[in-house]
Amino acid sequence: MKKKYNWGILGCGKIARKFVQDLSLLENANLYAAASRNLDNAQQFANDLGFEKAYGSYKEMVQDPKVDIVYIATPHAMHMEHSILCMEHKKAVLCEKAFAMNTKEVDRMIKVSKENKTFLMEAFWTIFSAKFLKVMELSKEEGLGQLKFVKSDFMFKAEFDPDKRLYNIDLGAGSLLDIGIYPIFRSLMLLGKPTSIKTMANIRSNGVEDSISMLFGYENGAMAVLTSSFESSCHNETELCFEHGFIKFIREPEFPILIKRSGIQEEIHIEQPKGMGYELEAKHVMECLDQGLIESPVLPLSISRELMEIMDAVRKDAGIIFPKHD
């Protein structure tokens, strides 16, 4: 029998609902507590999704001795504060990406995790998905030769509203931290850290970036062109260009991976997960806790830190500033 873990949800918004729908697929995950700054919101969330308890403050929930793991789904600007709150109460933490607002905040989170010997991981489900793992495997095929070029996009059209999360600078607004992090993550996993970064960004009058294109250069001559936007809709495709072929894929699991090598093109279909993929990261967290780990061997904190270092460098080049954090 697997140990059953009591999950707490900190922040009861849209992403939390999606996560919990997947979490409910796991037999050893108990939907225990939901917390919001508003008790009515927490109660509604708990009732809708089948949680045992609802709390009208985050501190109340982390003081509950029965909570084992907390999934943090508040806006980016609050991730460090809420992660530290949980870890200081010895609660394992799965924190949504972007992990924090900058590298300085990530370093504080890592320090608190080590001091309290408490598990901490960024909720980057992509690294656990069968599709991405297959792409990583295919990218190492000798017949393709060296990876020379990565093109990756993530865009969707969003309404401009400076009071809402995507455009509220005090909440960590902008496409970079919200969705630009995905193309950057893919380039990091495939090419490593860039040695040079050039950017072009569209910045609104309230200081929020809503579209950004990034050009990364690497020591071996490889390049990456990455784009995120709240102003455009597109296929959200990633293409890996090798010396002797290419790999193309779309993030949605129902689309096959397209690979061309030795002049022959092939479609590779991946079995779709039961959920949206969030259940894979939750399952991994519980496996780590079963082993007494405070850090994931698959998504170590060093990767989250490198990712944030790159985003800091992108923001510096583009002139993107978060006044309350930088």
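How many residues of the lining of the largest pocket are nonpolar, how many polar and how many charged? I kept this question for the pocket entry below and began with the ground rules.

**Entry 1, ground rules.** I am looking at a predicted model, in which local features need pLDDT of at least 70 and side-chain atom pairs count only at pLDDT 80 or more, while totals for chains, interfaces and linings use all residues. Residues are numbered from 1 along each chain as its sequence is written, and side-chain values use heavy atoms, with hydrogens and water left out.

**Entry 2, the six-stranded sheet.** I looked up the strands (DSSP runs of E, at least two residues, numbered from the N terminus, as are helices, H or I, at least four residues). Six of them form an open sheet in the order β3-β2-β1-β4-β5-β6, with parallel pairing, where two strands pair if DSSP finds at least two bridges between them. At the edges I found β3 (53-55) and β6 (120-123), each of which pairs on one side only. Inside the sheet, β1 (residues 5-10) and β2 (residues 29-35) are joined in the parallel sense over six bridges, and Tyr-5 has Ala-29 in β2 as its bridge partner.

I took a pocket as an open set of points on a 1 Å grid over the protein atoms alone, where a 1.4 Å probe fits and protein lies on both sides within 12 Å along at least five of seven lines; lining residues have an atom within 4 Å of a point. The largest pocket is lined by 39 residues, and Lys-14, Ile-15, Arg-165, Leu-166 and Asp-178 lie nearest its centre. To answer my opening question, its lining divides into 19 nonpolar, seven polar and 13 charged residues, counting Ala, Val, Leu, Ile, Met, Phe, Trp, Tyr, Cys and Pro as nonpolar, Asp, Glu, Lys and Arg as charged, and the others, Gly among them, as polar. Helices α1 (14-23) and α7 each supply at least two residues of this lining.
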